[in-house]
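This report covers one protein chain, from its overall contacts to a few local details. Please keep the sequence and structure open while reading.

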Amino acid sequence: MSEDQRGLLYLFEQPSRAIAFPRAAGSVVYDMPPEQMPPGMELAPRSGPSPGRTVVTVSPVDNLKDELGSALSIPKGAVFSVFLKQHRQAAKDLIACFLKRRSPAELRNIAANVHDMVNESLFVYSLSFVIIRRSDLRNVRLPPIYETFPSWFVPEPTIAKAREEVSKQRYMPKTERIVVDHGLEFSGTDENPEHRVAYWREDYGINAHHWHWHIVFPAEIEIALHRDRKGELFYYMHQQMMARYDMERMSVGLGRIVKLDNWREPIPEGYFPKLTTGNSSLNWGSRPDGLSVKNLTRHRIRININEMEMWRDRIFEAIHLKKVVQEDGKEIQLTDDLDPDRGQKRGIDIVGDMLEADTRLSPNYTFYGDMHNFGHVLLALAHDPDGVHREEMGVMGDSGTAMRDPVFYRWHRYIDDIFQEYKFLQKPYTEDQLNFPEVSVDKVTVTAGLENNVLYTYFNMREIEASRGLDFDSDTPVIVRLTHLDHKPFKYHFQISNKSRSKVEATIRVFIAPMLNIRNMRMNFFEQRTLFAEMDKFQISLKPGKNIIERRDDESSITLPREFNFRNIERGEVYEDGTVAPPESDGSFCACGWPQHVLLPRGKPEGMPFQLVVMVTDWNEDKVNQPTPRACGNAASFCGILNGKYPDKKPMGFPFDRLPITRRTVPGWWRSTWGVSATCPSQKSTSSSRRKKSQRNRRHLGKCYSK
Ligand code: CUO
């Protein structure tokens, strides 16, 4: 890694701590621990809090304030929200300032100059955005967001406990590291039924994925504007998260998500995150049970519920009339019968841009408004809509925290229902579109090594280093051990026949959905359709005759490989495979992807029946004309391919995105599927303290532990 790359990554460490201080006239410096010292940099021990550290000289930049524009408008320590137009403008200005720099050295210099001047979260967002997109920084792997901002992921009581342990070290023998546990308590108690799924909503990986997704597909930022099928992926990726959350709810006996369609009724589900925005100890806002959203007037932000209702009606009208009115008065048709590979924009892509909404991509921002983003903001500020209490936004205000709040799912269920309304009006797929006559799937088995078609989930723990992001005023690393859902690795075995005489190229699509509804009755296709979650999708050559194919769960097209966010602190390594990704990979982009540890839904201790659907389609019809996809397409189904087109021509969600031919018939491929069962076994525990903890956790989780 070059010295500039290392210097850039250092700027992500403890973002709330000032790094720059004036030195000689005409320069600023920042200090860096010796182990992070780029070779050849000036080593100048200084007095003060960290003597002996490396000092990196940074040249001042003239007229910097003018260049930063609105990037200076968000106070330090406050929530930076991609859902607010004004904050998106601030990010645009800061990104533009970074993008002007011609080399990593210039970027490091400007970023170091800016670091102490702008909001911390805005800084990390904008610098991450630029690093991801610069070809000369493609091998730089960004630090995980949960280590950059641990206070967004770990509640304050746990951080306070860590601070207490740090202070004890002042009069007790020092340990090499301080470790505190977080979970399975999460943020509430089981008296609140919604808390049964807190383990999923508050999962570090799920929230990190959502933060990265919104960086990879940001609204309005020039160089990312024309990402292939951006609006459609907004629909699909969020729809899939809803499907997965519904499955988790069903596994703990809760009903499916109820959409939030009446914005004048009290919202029964409150949320108290117990998080701080950073070292500044500003609290994220809380929302008590039964609060309603209200018209919002805070600083320059004005949101009126009447206006939201008007936009909603216009969007429904456009969907029902199958056309939208552009700013210039021209009409464009809304239909999915178009081919994006030929540069045509499908209706779902337009509805996505219109709903999210992207001021630049929406066909008519003034007329169709800013529905989805404004919903986030209304909900995030429901507790202090006019700012009289000077309360910070709630977690709904940021993409890295929003998924913690039960109301996120109610809001996105509503958004998804609008997309579904559009999809209902599309022609059902024909038999021809659904069948691949040369190929048949004869048998599918899934195994986790014991019994066929029984998969296992359990709760696991992983460590993150909180002292990378928070200043504990100590040199001892502070580790937080997080509890998370996990599963035993499994493999698919497919037996597929190619009945033709020559080799065929095929796409294999694998989905999973629960079989029984909350009343324990077999769901029909219509009830089950929106629950199908993509598990994998891959291309394969099938020789004539019988083909046996094996595929591991960690090869999934939606997930980020496990080692990607792995950090082995005990062995003193920064990452298992080094701080940087291999030069040929698009390392930073890979940080977008569904976490491997939550690929499988939780299930129930007694087993929960799921239906696995395996569909084979003709790859020649699915393939997209583009140069061979670049490396790091692991999570392409959810995150696309950097600088490339979405690698599947079919509408996203195919074949479950549309209704079948008639309401009475269901497709043949749905009937010929395989049942699997996901089960939660007992937790492994070795030491007596772990055993005690496990017993406490078991009480908390009730049915999940069978022993
Ligand atoms: Cu990802 Cu509402 O878009 O959170």
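Of the contacts in the protein chain with a separation of 6 or more, 77% are between residues 24 or more positions apart. Contact means heavy atoms within 4.5 Å. This is a predicted model: local features need pLDDT of at least 70, side-chain atom pairs count only at pLDDT 80 or more, and totals for chains, interfaces and linings use all residues. Residues are numbered from 1 along each chain as its sequence is written, and side-chain values use heavy atoms, with hydrogens and water left out.

The protein chain has 21 helices and 19 strands. Helices (H or I, at least four residues) and strands (E, at least two) are DSSP runs, numbered from the N terminus. The protein chain has 707 residues, and 60% of them count as buried. Buried means under 20% relative accessible area, exposed over 50% and partly exposed in between, with a 1.4 Å probe and protein chains only.

**Burial**

Helix H12 spans residues 347-356. In H12, 10 of the 10 residues are buried, so the helix is largely enclosed by the rest of the structure. Among them are Asp349, Asp353 and Glu356. Ile19 sits in the loop between helix H1 (3-10) and strand E1 (20-22). Ile19 is buried, at a relative accessible area of 3%. Its C-alpha atom is 7.4 Å from that of His115, 96 residues away along the chain.

**Helix pair**

Helices H3 and H5 pack with their axes 9 Å apart, at an angle of about 50 degrees. That makes H3 oblique to H5. Angles under 35 degrees count as roughly parallel, over 145 as roughly antiparallel, 65 to 115 as roughly perpendicular and the rest as oblique. Axes are lines fitted to C-alpha atoms, for helices over the stretch in contact, and angles run from 0 to 180 degrees between N-to-C directions.

| Helix | Residues | Including, in the contact |
|---|---|---|
| H3 | 85-99 | Leu94, Ile95, Phe98 |
| H5 | 120-133 | Phe123, Ser126, Phe129 |

**Sheet**

Three strands form an open sheet in the order E9-E12-E15, with antiparallel pairing. Two strands pair if DSSP finds at least two bridges between them. The edge strands, E9 (439-447) and E15 (545-552), each pair on one side only. Neighbouring strands of this sheet are turned by 15 degrees against each other on average, direction ignored. Eight bridges join E12 (residues 491-498) to E15. Tyr492 stands opposite Arg551 in E15.
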